[in-house]
Amino acid sequence: MNLPLESKTALVTGASKGVGKGIALELARNGANVAVNYNTDRVGADATVAEIRGMGREAVAVQANVGVAADVERMFVETFEQFPQLDILVNNAGVQTWKPLVDLTEAEWDRTIDTNLKGCFLCTQRAARHMRELGAGRIVNIGSGCNKVAFPNLVDYTASKGGIEMLTKVAAVELGRYQITVNCVAPGAVEIERTKLEAGDYAGTWAKLTPLGRVGQPVDVARAVVFLVSDAAAFITGQTIWVDGGLFSKPSWPYD
């Protein structure tokens, strides 16, 4: 069996559940060993690790709040204690606050920006310093539909994801000389534990708006990540790949 990521090591932030877990598992299916980051959900992280080890791959759970520099440094140190090098970083950890702009508190804003945007910066910076010495590396940041459009009641989340898209581009420009690629994967409506709580029928609600007629699953996002970190994408950097079933290409159209 051809495993495109055989002998590679990946770190996936926020991988105890949801899209992050899906990415970690798909990287392992394609041959990678994986460091599974979590902040508070140790049980979920251990479950992800167990599934990866069940595939015959190596895995370790590493705790860190990615918005705190000291935590990020410790996370990388613990990862290197398990694996000799890091080839792949996936910045997936993210939180959001469902609240109108005029009601959002400073603490809520800071929590989301620190986790989603600052965390992406801190992890990218730390990984890039290591990958620069290797002379190669792959970094994938997880964006959102709000990279492109404004999401009401999600001002902190929308601002953070828009920032991630521009961080992706500038990182790609600066790190290209070291053969480090940096790209963004922007999911549409994806059915996970958190999104199921947004509506009584999340899948049915968003499937009606999506040209492909269904919502996404974590594996849909994960397969795009695997492509971007593989040799097949060696000349792709600074790009955003939409994994949305056409959702954010479709305008509000009165003639359907």
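Is Glu 133 buried or exposed? Its relative accessibility is 63%, so Glu 133 counts as exposed. Keep that residue in mind. One caution before we go on: this is a predicted model.

My topic today is salt bridges. The structure holds 11 of them. I will walk through a few.

Start with Glu 133. Its salt-bridge partner is Arg 132. The closest N and O atoms of that pair are 3.9 Å apart. Arg 132 is partly exposed, at a relative accessible area of 39%.

Next, a pair inside a helix. Asp 46 forms a salt bridge with Arg 42. Here the closest N and O atoms lie 2.8 Å apart. Why is about one helical turn between them? Because Asp 46 and Arg 42 are four residues apart in helix α2. Asp 46 counts as partly exposed, at 35% relative accessibility. Arg 42 is partly exposed too, with a relative accessible area of 42%.

Glu 6 forms a salt bridge with Arg 57, and their closest N and O atoms are 3.0 Å apart.

Arg 57 has 18% relative accessibility, so Arg 57 counts as buried. The cut-off for buried is under 20%.

Last, a network. Salt bridges link Asp 71, Arg 74 and Glu 78. Find those three on the structure. Thank you.

How values were computed: Residues numbered from 1 in each chain as written. Predicted model: local features only at pLDDT ≥ 70, side-chain atom pairs only at ≥ 80, totals over all residues. Heavy atoms only, no water. Salt bridge = Lys/Arg side-chain N within 4 Å of Asp/Glu carboxyl O. Buried < 20%, exposed > 50% of the residue type's maximum accessible area, 1.4 Å probe, protein only. Helix = DSSP H or I, 4+ residues; strand = E, 2+ residues; numbered from the N terminus.
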